[in-house]
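Visitor: I am new to this structure and would like to learn how to read it. Could you show it to me and take me through it slowly?

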Amino acid sequence: MESYDTLNVPGPIITSITRPFWDAAKRGELLLPFCDDCGQFFFYPRLHCPHCWSDRVGWKRGSGRGTVKSFSRIHRAGHFAWQPVTPYTLLLVRLEEGPTMLSQLASTPGVALAVGDPLRLRCVTVGKFTLPFFELDKSAG
Ligand SMILES: [Zn+2]
């Protein structure tokens, strides 16, 4: 299997709204949007809280822990740049803070995965980007 760091992937598209999230990933952290009015986390980043429509939103550091909500093993990449690392596993992660986040399993070929399995953040260098992937958290009970 090829290494992720040599891939020439096209994204993500980083905007002024999402930049704190991607900068945190470079530091190995998960930064999540948080509403100062209703006190709830949400994801993806946006200017208004999807729970109460407040614009008093900011960021809080997430634990980086979650569980598998769903997953899909990808054999034919959606973009050709990802084809060298197929098969890989896309994840829907149910974050400990509540929101669901689309992510990817940090490469562990052949790993058995099930809905509900514990995950922890593992940021991975993919081409020019650092992406917040997850790996199975063997330390979690
Ligand atoms: Zn809110």
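Visitor: In which sense do strand β3 and strand β6 pair, and over how many bridges?

Guide: Strands of a sheet pair through backbone hydrogen bonds, either parallel or antiparallel. In this predicted model, where local features need pLDDT of at least 70, side-chain atom pairs count only at pLDDT 80 or more, and totals for chains, interfaces and linings use all residues, strand β3 (residues 65-74) and strand β6 (residues 118-126) pair in the antiparallel sense over three bridges. Residues are numbered from 1 along each chain as its sequence is written. Strands here are DSSP runs of E with at least two residues, helices are runs of H or I with at least four, both numbered from the N terminus, and two strands pair if DSSP finds at least two bridges between them. Threonine 67 has proline 118 of β6 as its bridge partner, and arginine 65 stands opposite arginine 120, also in β6.

Visitor: Which strand pairs with β3 over eight bridges?

Guide: That strand is β4 (residues 88-95), and the sense is antiparallel. Glycine 66 stands opposite leucine 95 in β4, while serine 72 has leucine 90 as its bridge partner there.

Visitor: In what order do the five strands form the open sheet?

Guide: The order is β5-β4-β3-β6-β7, with antiparallel pairing. Because β5 and β7 (129-136) stand at the edges with a single partner strand each, one side of each is left without a neighbour in the sheet. The twist averages 35° from one strand to the next, where axes are lines fitted to C-alpha atoms (for helices over the stretch in contact) and angles run from 0 to 180 degrees between N-to-C directions.

Visitor: What should I look at where β6 meets β7?

Guide: These two strands pair in the antiparallel sense over eight bridges, and threonine 125 has threonine 130 of β7 as its bridge partner. Their hairpin has two residues between the strands, and glycine 127 takes a positive phi near 60° in this hairpin.

Visitor: Where is glutamate 96 placed, and why does it count as partly exposed?

Guide: Glutamate 96 lies in the loop between β4 and β5 (100-104). It counts as partly exposed because it has 17 C-beta neighbours inside 10 Å; a residue is buried if 20 or more other C-beta atoms lie within 10 Å of its own, exposed if 12 or fewer, and partly exposed in between, with C-beta atoms placed from the backbone. Leaving aside neighbours within four places in sequence, glutamate 96 is in contact with Ser63, Arg65 and Gly66, contact being defined as C-beta atoms, placed from the backbone, within 7 Å. Glycine 62 is 34 residues away from glutamate 96 in sequence, and their C-alpha atoms are 8.1 Å apart.

Visitor: How should I describe the protein as a whole?

Guide: The secondary structure comes to one helix and seven strands, and buried residues make up 20% of the 141 residues.

Conventions:
Contact = placed C-beta atoms within 7 Å.
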